[in-house]
Amino acid sequence: MSVIPSDPVIVTVPDIRESAARERREKLSAFLRNWQGVLGLVLVMMFFISAIFAPWLAPYEPNTMDIPSRLSPPVLDHIAGTDQLGRDTFSRLLYGGRVALKIAAIGVSVSLAIGLLLGMIAGLGPRWLDNLLLLLFDAVRAFPTIILALATVALTGPSMEMVLAIVIITSIPQYARVTRTATMSLRNTEFIQAERSLGASTIRILWHHILPNVIGPLLILAAMDVPVVVSVEAGLSFLGLGVLPPTASWGTILNEGYLVIRNAPWMVVAAGIPLILTTLGFTFLGEALRDIFDPRMGKGR
Amino acid sequence: MDPVLDVSDLSVEFRTARGRIKALRNVSFSVQPGRIVGIVGESGSGKSTVLWSILDLLASNAIVTGGKISFEGRDMLTRSTKDMLALRGEDVSVVFQDPMTSQIPVLTYARQMRDILYRRDGLGKAQKRKMSVDMLDKVGIPDPEMRVDQYPHNFSGGMRQRAGIAMAMLTGPKLLLADEPTTALDVTMEAQIIHLLREMQRETEATVVVVSHNLGLIAELCDEVVVMYAGEVVEAGNVHDIFHHAQHPYTRALLECDPAQIKGKSHRLPVIPGDIPDLVQPPVGCIFAARCQRVMPLCLAQEPPLVEGEQGGYARCHLLAGPEQDSSWPPPPEVPTVARGAAATAGAKTISPEPLLEIANLNVKFNTMGPVWAKVRGVKQPWVTAVVDASIKVHAGETVGLVGESGSGKTTLARAALNLVGSQGGSVQFEGQGIRGMAESGFKRFRRDMVMMFQDPVGSLSPRKSVRALITEPMKIHGIRNVDPDREAERLADMVRLPKALLSRYPHELSGGQARRVGVARALALNPKLVIADEPTAGLDVSVQGEILNLMADLQAEHGLGYLIITHNLPVVRHISDRLAIMYLGRIVEEGPADEVFAAPLHPYTETLVCGVPQPDPDRRRTHMVVKGEVPSLLNRPQGCDFVSRCPHARPLCHKVVPPHVTAGNKRMHACHFPLGTVGTPE
């Protein structure tokens, strides 16, 4: 009369082996359901493609002057108009994207890597080291970016490398601080204690157990930092402290457009649009990534 | 008399990513005025959901899909927000589970309690303060005039819960709801809070609804009991009927699983096999059918009838009425209805003569301030001793239970043995080798042989790792490459009876019992010799904890493991332990064979722990408290014996001299000047 209830979960071995792949597929479909994420991804892809393939996409050479058609409004030949030297703004924007991409990619990834490392060291290491690193981070953060840029430029002269160096130095502290706080809250959790009791080395704990738990917020921070970096470059170039003319960058184009804003307002508008789209794209992508990266965050947020 | 609270056909669903969870289905019960009603059930039974429905404080993804809740004849579900606001805290108030998180840390009690009285416009500030002080006095807070101006962090855990009760009673509610009011507290505090709740109820004649998973608490406190399982009420009735003549197989099984209920010593604990059903698609028929020992085809097809008992109680079961009615059900209380699993290893225990782990006179100190600060402030002793001269031995094949309340230093002792915290003085030997204070590089090889299971089943698993990665991690840590990790993962999952489908899950997707199995698998991955388990049953339901302990016992028999089990729950651990060590304020106060220690304690503190757990029997309610007060802080250790401030048998000598460790004839050690059961004359 008594029926022993059988285990409802019947699983064959191949199923288990496939589960990792299944999980990846699930994450992908979760991402594809998020319209903001998809829009962000499209915008970011556009940014990458336009920057990488600028030489093929651009209808004109970025530095070819065409004085007779200077300050042309947007027409079929020059869809974003021309500047005061008759250079095609659309082509220059495409090339400017290359500068932005270079600075964003190198700047963000290098500062993320260094910040992550320093932050984990500060969070897990001895107290004095933590205090020393914190002092350093705060000292760097206390410097206004522009003053730091002015000072360095006064010493070395403006160049793209200088912009990059300034971007990296000024963004390390924020990554390091976020990492440090997250590491500190993790270091006394039971699972880290459990890893230690199993004999896991500090490096293993950092790499396998702390890193995956702190990287999520950092990637969002990085994705949202890209537009900041791009606009810092644009800002410095606008002030003449960054990329030097004639090299096209969004900042220099904005700067030149600003000079002729009364005669040719479309130039400022044209240079602003890629900045805005890039900012939006990375922000959307960052938020979508966060939702999927953290398995504890459901869709019902 | 009209019921104060009447819940009828209440159904609640939660919207989630997986679909709608049918958390409550047709829940009905009513509460007569002046009664204490207990809602008992395991996790996932929906008992807390009922409580929050009454207050209309359900999470935002919850929908009430049907039913009615009426309080004093008025429907609660259709009341306006403004109406509800006026009701909550005035006519209905709540005692929360964790006073630490339910009280405002930055406001004094005076201020918090004044805020509770915000609707009483007629009262001045001084009057409100007077009311608060009186109420704190009533709940037994010493020196309330002064205490009322303190903050929650100035109060100890038990005092905080007393204050929580004071805050709930302040407005003189007609209905008091208590959500697991003692779960966050120690055993000795639990008894005091139960007592307090009963007294407050008697005095104010309020109606009380208590939600708990703790059968002992329900038996000791309540007049009536509602038993819930997976979102349904399976049985309800008078507390005596429920505990002595349970009608529903689930109630019966739940009672049998409570380790405090088992009189004799039993190496195998009873369990209810299986897991709670998935409430996204609740099964047809009886909700308990999948785990019921008496399941019949009818149970899977048709919903069981509601059968009324003689004294207003009722249960839902096919055994009680209808075509399958069985007049021999329920069997008399001494006949077990729940399986205890195969007792394959009973009596076959072999304990090696040589100790595996030998801790002798170990001390652990924690600094309370830096050395410079201590000099500046003139503090002579800028540290606390968390463990004092602790000695304990564990042999291969033996289970030693280390029992004590929170703050007794039991976890610290274990961590010190494993070199996870530093220790000062004494020795730790593993298989005869001194390992205390060893550098981590040298200690690493010992970590294969001695492993620790941490308290929180889910929280001790790295959250971003799949179960498969987690249970094979020890092999990666110790560089074992000649095994197929996938095959190993499956072998270990089999060993701990974990469904293989769970290998690709993440810790947060597991139930407590499943996560605990992962913890066991991880601990045993490298065939250790010694397992230190910190509260292995913490956070687990009664029906699951037996399963984990049985599993651990089987694995011990198979591999000859030595266990050191750290717990606050003496009734559970005594069934599986060979020896018990009782710890209080960092000192081991008694040690000896488990049966003897439990049956005839020598130290008054052990006696407290033995009687501390409320019995799941309403006829054996305790009328007096064994001990008063709480575990003192390590910062002000009492003079003389550590237990002197709470000991009912304390004599002048105890206040002056620290009792030495004495080994009595039959291998029993104690640290008491006047051990119980011996005729002691004051020296």
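Analyst: Welcome! The radius of gyration is taken over C-alpha atoms, and the globule rule is 2.2 Å times the number of residues to the power 0.38. This is a predicted model, in which local features need pLDDT of at least 70, side-chain atom pairs count only at pLDDT 80 or more, and totals for chains, interfaces and linings use all residues. Residues are numbered from 1 along each chain as its sequence is written, while chains are lettered from A and ligands numbered from 1 in the order in which they are written.

User: What radius of gyration does chain B have?
Analyst: The C-alpha atoms of chain B fill a box of roughly 70 × 65 × 50 Å along the principal axes. A compact globule of 683 residues would have a radius near 26 Å, and chain B agrees because its own value is 26 Å.

User: How far apart are the centres of domain 1 and domain 2 of chain B?
Analyst: An automatic or database domain assignment sets the bounds. Domain 1 of chain B spans 5-243, and domain 2 covers 342-537 + 560-570. Taken over C-alpha atoms, their centres are separated by 37 Å.

User: Is Pro499(B) buried, exposed or partly exposed?
Analyst: A buried residue has 20 or more other C-beta atoms within 10 Å of its own, an exposed one has 12 or fewer, and a partly exposed one falls in between, with C-beta atoms placed from the backbone. Pro499(B) sits in the loop between helix 18 (485-495) and helix 19 (512-524) of chain B; helices (H or I, at least four residues) and strands (E, at least two) are DSSP runs, numbered from the N terminus. Because 17 other C-beta atoms lie within 10 Å, Pro499(B) is partly exposed.

User: Which residue is the bridge partner of Val451(B) in strand 19 of chain B?
Analyst: Strand 18 (residues 450-453) of chain B is covered on both faces, with Met450(B) and Met452(B) buried on one side and Val451(B) and Met453(B) on the other. Strand 18 runs parallel to strand 19 (residues 530-534), joined by four bridges; strands pair if DSSP finds at least two bridges between them. In strand 19, the partner of Val451(B) is Val531(B).
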